[in-house]
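Please look through the structure below before reading these notes. The points are meant to be followed with the model open beside the text.

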Amino acid sequence: MPLPLADAVVLALLLVLLPAFAMLQAVHLGENIPPRLGMYLSSGASILVMAALSLVLGWGTPGLAAMGLQGAGMVWILGFAGILTAVALALLLSVRALERTMGWGETRILLELLPRTAREKGVFGGLSFIAGFGEEIAYRGFALAWAVQLLGSPSAAIGLTSLAFGLLHAYQGVVGVVRTGLLGALYAASVVGTGNLWPAILSHIAVDLLAGLVLADTLTGAADGHRSGSAG
């Protein structure tokens with residue numbers, strides 16, 4: 001299937017331009033911590049635009065079925081989403097254990113962006129839903145479907161899209177990029193293996209909510225007294 005120009009532009013945006021911008025932004029921000037609510041709102045708006053472009057273009061080519069946006073039994077979707085969430089949380093805890101062993105810490109900007117007030121937690125919850133839908137549609141839907149077709153290798157496609165997704169979170173430091181890339185690979189593998197995106201969407205939402213609102217101290221090291229650790 002030939003790659004239409006509009007699809008090529010959005011694919012380049014997702015896999016090259018946005019990750020590159022995220023890395024430059026991480027360097028530019030340094031220790032300048034932006035307002036939490038402002039970051040939540042700007043991130044949500046960016047993800048919505050990214051998802052809308054991916055969904056509109058993907059509707060034609062590569063097609064919604066190729067993007068994993070097809071029906072399946074609700075019991076299966078919820079059950080598999082639960083399994084993905086359990087594996088994802090185990091992965092996050094494993095990375096935290098490695099950080100503790102190596103004496104690494106999270107970037108200050110990540111720690112400062114965790115929600116504090118009830119209002120911030122409410123907005124963060126909304127952002128979690130937006131990220132779960134939007135990032136999955138863009139990266140594990142549109143980008144992954146095209147990468148599989150263009151590269152001819154599901155494994156290579158999973159690697160490429162997961163690398164780009166990890167770099168998109170460059171503000172979290174090296175450990176954060178690796179952690180996010182591994183989560184992306186987990187969700188991408190689930191889509192390639194099942195042909196369905198919905199479990200990854202639901203799991204992504206659940207993990208963001210749990211990591212940001214319930215397990216933040218444990219996953220960032222605050223429970224160990226390392227909340228202000230340096231970047232890994």
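1. Start with Arg36. This residue is partly exposed in the predicted model, at a relative accessible area of 21%. Buried requires a value under 20%, so Arg36 does not count as buried.

2. Which residue does Arg36 meet in a salt bridge? The partner is Glu112, with 4.0 Å from N to O. Arg36 belongs to helix H2 (residues 36–60) and Glu112 to helix H4 (residues 108–113), so this pair ties together parts that lie 76 residues apart in sequence. Glu112 is also partly exposed, at 26% relative accessibility.

3. A second pair is Glu99 with Arg179, whose closest N and O atoms are 3.7 Å apart. Glu99 sits in helix H3 (residues 74–102) and Arg179 in helix H7 (residues 173–194), so here the parts tied together are 80 residues apart in sequence. Are these two side chains buried or exposed? Glu99 is buried, with a relative accessible area of 1%, and Arg179 counts as buried at 9%.

4. The pair Arg140 and Glu136 lies within one helix, H5 (residues 118–151). The two residues are four apart in that helix, which means that about one helical turn separates them. Their salt bridge has its closest N and O atoms 2.6 Å apart. Arg140 counts as buried at 1% relative accessibility, and Glu136 is buried at 0%.

5. Salt bridges can also share partners. In this way Arg36, Glu112, Arg116 and Glu120 are joined into one network. How many salt bridges are counted in the model? The count is seven, and the pairs described above are among them.

6. Now consider confidence. The chain has an average pLDDT of 91, and 94% of its residues score at least 70. Which elements have the lowest and the highest mean pLDDT? Helix H9 (residues 216–220) has the lowest, at 77, and helix H6 (residues 154–167) has the highest, at 98.

Conventions:
Residues are numbered from 1 along each chain as its sequence is written. Side-chain values use heavy atoms; hydrogens and water are left out. A salt bridge is a side-chain nitrogen of Lys or Arg within 4 Å of a carboxyl oxygen of Asp or Glu. Buried means under 20% relative accessible area, exposed over 50%, partly exposed in between (1.4 Å probe, protein chains only). pLDDT is the predictor's confidence in each residue, from 0 to 100.
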